[in-house]
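Here is a set of questions about the labels used for a protein model. Each reply sets a value against its cut-off.

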Amino acid sequence: MASTPRARLARRFARLARPRQPESLPVQLDRRRIYVLPTRFGLFFAALVFTMALGALNYNNNPGLLLALLLGATAMASLIFAHLQLADLRIDAIAADPVPAGTPLRLQVALSSRDARARHGLRVDACDRHVFTTLAPSDGVVAELSLPTQQRGWYDLDRIRLSTTQPLGLARAWAWVWPSSPLLVYPAPEPQGPPLPDISGAGSRTRLHAGGEDVHQLRNYRAGDARRSIAWKPSARHDQLLVREYEQPLGQEVELAWTALPALLHEHRIQRLAHWIDLAEREGRRYRLLLPGQPPLGPGAGTAHRHLCLRALALMPHALA
């Protein structure tokens with residue numbers, strides 16, 4: 001990700017701050033992890049107060065000296081208050097649902113506090129993006145950032161900075177969090193991709209389902225069966241309650257094989273397979289993914305199976321040996 005020399009220099013100096021390695025969450029910020037320095041406005045304010053105090057001493061102006069001391073005490077209190085805004089703040093979780101490459105990753109940072117102090121003007125920075133949030137006393141909040149994605153695989157999430165300039169903007173307090181849990185980016189599906197591979201000749205299957213359309217068989221009534229499924233006329237003939245069981249056709253299984261796409265380039269194959277996985281899910285098909293050097297995935301369908309297949313595609317090497 002492109003950045004300015006100033007931003008690269010700032011990240012290099014930030015490496016010297018705590019923590020110096022990834023850490024597991026949750027994390028509570030203690031005083032050793034919080035840093036406080038004056039802002040630009042704070043430096044100007046300090047220079048102004050110093051000039052006022054120097055002039056008051058030079059001209060023996062006691063009211064002016066008193067005003068300078070009061071303003072200086074206010075600035076010192078602002079430093080302490082900025083530190084307290086982050087003290088004992090708890091980072092409970094940092095997570096994001098996988099998205100296709102090129103789609104913004106919605107990073108969620110869960111914050112909470114165990115004391116009765118409200119935290120105003122909290123700023124969360126990650127990957128040159130930031131968002132402001134407020135934490136109510138003894139409550140929790142989730143800050144959400146939209147991070148750009150460029151390629152499939154593990155997302156390189158650097159350290160996340162929490163900061164504030166409350167209450168007067170004279171000082172900035174900040175702390176770093178370096179989550180160890182990785183984030184995943186799916187491969188981008190092929191735009192305007194072709195339909196699923198031909199499955200002619202593959203036998204269709206059925207399963208028993210209460211919401212099916214075709215009657216499969218009659219069976220004895222069991223406690224809990226719906227009244228609408230009772231076959232009243234056959235029950236009268238057999239002198240016992242009989243219940244209809246329906247069958248519902250299952251979608252035909254589709255085999256998505258890496259070796260079936262020899263004419264495509266490496267990344268184009270991955271995009272084609274990702275497109276077919278999404279298409280099979282939309283059509284309600286069961287599918288099996290066959291990748292080189294890996295056991296077959298499936299057949300299956302649903303959110304868990306889709307994630308398993310797209311994860312395998314996302315983590316494939318960028319060039320096969």
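Q: Where does D128 lie?
A: D128 sits in the loop between β6 and β7. Strands here are DSSP runs of E with at least two residues, helices are runs of H or I with at least four, and both are numbered from the N terminus. This is a predicted model, in which local features need pLDDT of at least 70, side-chain atom pairs count only at pLDDT 80 or more, and totals for chains, interfaces and linings use all residues. Residues are numbered from 1 along each chain as its sequence is written, and side-chain values use heavy atoms, with hydrogens and water left out.

Q: Why does D128 count as partly exposed?
A: Its relative accessibility is 46%. Buried means under 20% relative accessible area, exposed means over 50%, and partly exposed is in between (1.4 Å probe, protein chains only). D128 therefore counts as partly exposed. D128 also has a positive phi of about 65 degrees, although it is not a glycine.

Q: What makes C127 buried?
A: C127 has a relative accessible area of 18%, so it is buried. C127 is found in the loop between β6 (119-126) and β7 (129-135). It is not a glycine, yet its phi is positive, at about 55 degrees.

Q: How many of the residues in the protein are buried, as a percentage?
A: Of the 321 residues, 37% are buried. The protein has 6 helices and 18 strands.

Q: Why are α2 and α3 called roughly antiparallel?
A: Helix α2 (residues 40-58) and helix α3 (residues 62-86) pack at about 155 degrees. Axes are lines fitted to C-alpha atoms, for helices over the stretch in contact, and angles run from 0 to 180 degrees between N-to-C directions. Angles under 35 degrees count as roughly parallel, over 145 as roughly antiparallel, 65 to 115 as roughly perpendicular and the rest as oblique. The two helices are therefore roughly antiparallel. Their axes are 8 Å apart.

Q: Which residues of α2 and α3 meet?
A: From α2 come F45, V49, M52, A53, A56 and L57; from α3 come G64, L65, L67, A68, L71, G72 and A75. Contact means heavy atoms within 4.5 Å.

Q: How many residues of that contact are nonpolar, polar and charged?
A: The contact of α2 with α3 has 11 nonpolar residues, 2 polar and no charged. Ala, Val, Leu, Ile, Met, Phe, Trp, Tyr, Cys and Pro count as nonpolar; Asp, Glu, Lys and Arg as charged; the others, Gly among them, as polar.

Q: What makes α5 roughly antiparallel to α6?
A: The axes of helix α5 (residues 266-283) and helix α6 (residues 303-314) cross at roughly 175 degrees and come within 10 Å. That angle makes α5 roughly antiparallel to α6. I270, L273, A274, I277, D278 and E281 of α5 make the contact with R306, C309, L310 and L313 of α6. By class, the contact has 7 nonpolar, no polar and 3 charged residues.

Q: Why is the pair of Y35 and W174 called stacked?
A: The search of the whole structure finds 2 aromatic pairs. In the pair of Y35 and W174, the centres are 5.9 Å apart and the planes 25 degrees apart. Rings of Phe, Tyr and Trp (its six-membered ring) pair if their centres lie within 6.5 Å; planes under 30 degrees apart count as stacked, over 60 as edge-to-face and the rest as tilted. The pair of Y35 and W174 is stacked.

Q: What does the pair of Y35 and W174 tie together?
A: Y35 lies in strand β2 (residues 35-38) and W174 in strand β11 (residues 171-177), so the pair ties together parts that are 139 residues apart in sequence. Y35 is partly exposed at 24% relative accessibility. W174 is buried at 17%.

Q: What makes the pair of F41 and F45 tilted?
A: The ring centres of F41 and F45 lie 6.4 Å apart and the planes stand at 45 degrees, so the pair is tilted. Both residues are in helix α2, 4 residues apart, and about one helical turn separates them. F41 is partly exposed, with a relative accessible area of 43%. F45 counts as buried, at 17% relative accessibility.
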